[in-house]
Amino acid sequence: MQESFCLNQECDEERDRGLLGVGNCNLSQTKDVIVVVESVKDPLIDKRLHKGKMDETKRRKIASLSIGSVCVGVLILASSASATWLPFLPICIGCTIGVVLLLAGLSLLSWIDQDAGRHSFGHSGGFTCPFVPVLPVLCILINTYLLINLSGDTWMRVGIWLLLGVLVYAFYGRTHSSLIDVVYVPAAQADEIYRSSSGYVS
């Protein structure tokens, strides 16, 4: 609640200073303040007013199911394509099931909205992966196929090196990291810090 009031107060101060136009204050932020105040007065209207958050939760659940479908489809497809010792019919059935799961998950991922600020790190700009979600899914498919075709000796060597890396991280890296004393800032506040440090006002 305090954050919402501070946000509204900052917007009013910037409007008074003339740094922002009258219409530039983010209306969704102002609505959030109204929602918070009304929720405090009557907590029963909280669910109705936070329908946007419920939609976001539903979207994330669909995205999780889609990603799961893609991963299972990739695993079945890559395993079936690599199983040359099986007869032709089981290979075809496995590949068909894998492709169906893969395409279903990919279609759902393409259909739902992507996170707007997924790579903004609190300010405008930033790197965005091209051809999402097709390119990441193709990369997962190719890498899984390559991993499945590695020999047992290679997996043993990889496993030993991974175990050594985890031990080094657990007993040395965590306690000697330069990020121990770093203060993490929420994305909503990161933009303000970025603007004040760079000396510009959007």
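In this predicted model, a nonpolar surface patch of about 680 Å² is formed by F131, V134, L135, L138, I142, Y145 and L146. One of its members, F131, sits in the loop between α5 (88-111) and α6 (134-148). F131 counts as exposed, at 66% relative accessibility.

T144 also belongs to helix α6, but this residue is buried, with a relative accessible area of 16%. Once neighbours within four places in sequence are left aside, the contacts of T144 are V74, L75 and A78.

**Overall organisation**

The protein chain contains 8 helices and 0 strands, and its order along the sequence reads α-α-α-α-α-α-α-α. Of its 202 residues, 19% count as buried. The accessible surface of the chain comes to about 15200 Å², and carbon and sulfur atoms contribute 67% of that area. Among contacts in the chain with a separation of 6 or more, 62% are between residues 24 or more positions apart.

An unreviewed UniProt entry lists residues 62-82, 88-112, 124-148 and 154-172 under "transmembrane region". In the model, residues 62-82 are 100% helix and 0% strand, with the end C-alpha atoms 30 Å apart. Residues 154-172 are likewise 100% helix and 0% strand, and the end C-alpha atoms of that span lie 27 Å apart.

G105 is located in helix α5. Its relative accessible area is 0%, so G105 is classed as buried. Which residues does G105 contact, leaving aside its neighbours within four places in sequence? They are S66, S69 and V70. The C-alpha atoms of G105 and L65 are separated by 7.6 Å, although these two residues are 40 residues apart along the chain.

The pairs are set out below.

| Pair | N to O distance | Separation in helix α4 |
|---|---|---|
| E56 and R59 | 2.8 Å | 3 residues |
| R60 and E56 | 3.0 Å | 4 residues |

Why are E56 and R59 separated by about one helical turn? The reason is that they are 3 residues apart in helix α4 (residues 51-82). R60 and E56 are also separated by about one helical turn, because they lie 4 residues apart in α4.

E56 counts as partly exposed, at 30% relative accessibility. R59 counts as buried, at 16%, whereas R60 is partly exposed, at 45%.

**Cysteines**

How many disulfides does a search of the whole structure find? The search returns 0 disulfides. C92 is in no disulfide, and the nearest cysteine sulfur, that of C95, is 6.7 Å away. C92 is partly exposed, with a relative accessible area of 27%. C71 is also partly exposed, with a relative accessible area of 39%.

Technical notes:
Residues are numbered from 1 along each chain as its sequence is written. This is a predicted model: local features need pLDDT of at least 70, side-chain atom pairs count only at pLDDT 80 or more; totals for chains, interfaces and linings use all residues. Side-chain values use heavy atoms; hydrogens and water are left out. UniProt positions are given in the numbering used here, feature names are shortened, and annotations may be inferred rather than shown by experiment. Helices (H or I, at least four residues) and strands (E, at least two) are DSSP runs, numbered from the N terminus. A disulfide is a pair of cysteine sulfur atoms within 2.5 Å. Buried means under 20% relative accessible area, exposed over 50%, partly exposed in between (1.4 Å probe, protein chains only). Patches are made of residues with over 30% relative accessible area and no salt bridge: like charges are joined within 9 Å, nonpolar side chains (Val, Leu, Ile, Met, Phe, Trp, Tyr) within 5 Å. Accessible areas come from the Shrake-Rupley method with a 1.4 Å probe; for residues, only the protein chains shown count as cover. A salt bridge is a side-chain nitrogen of Lys or Arg within 4 Å of a carboxyl oxygen of Asp or Glu. Contact means heavy atoms within 4.5 Å.
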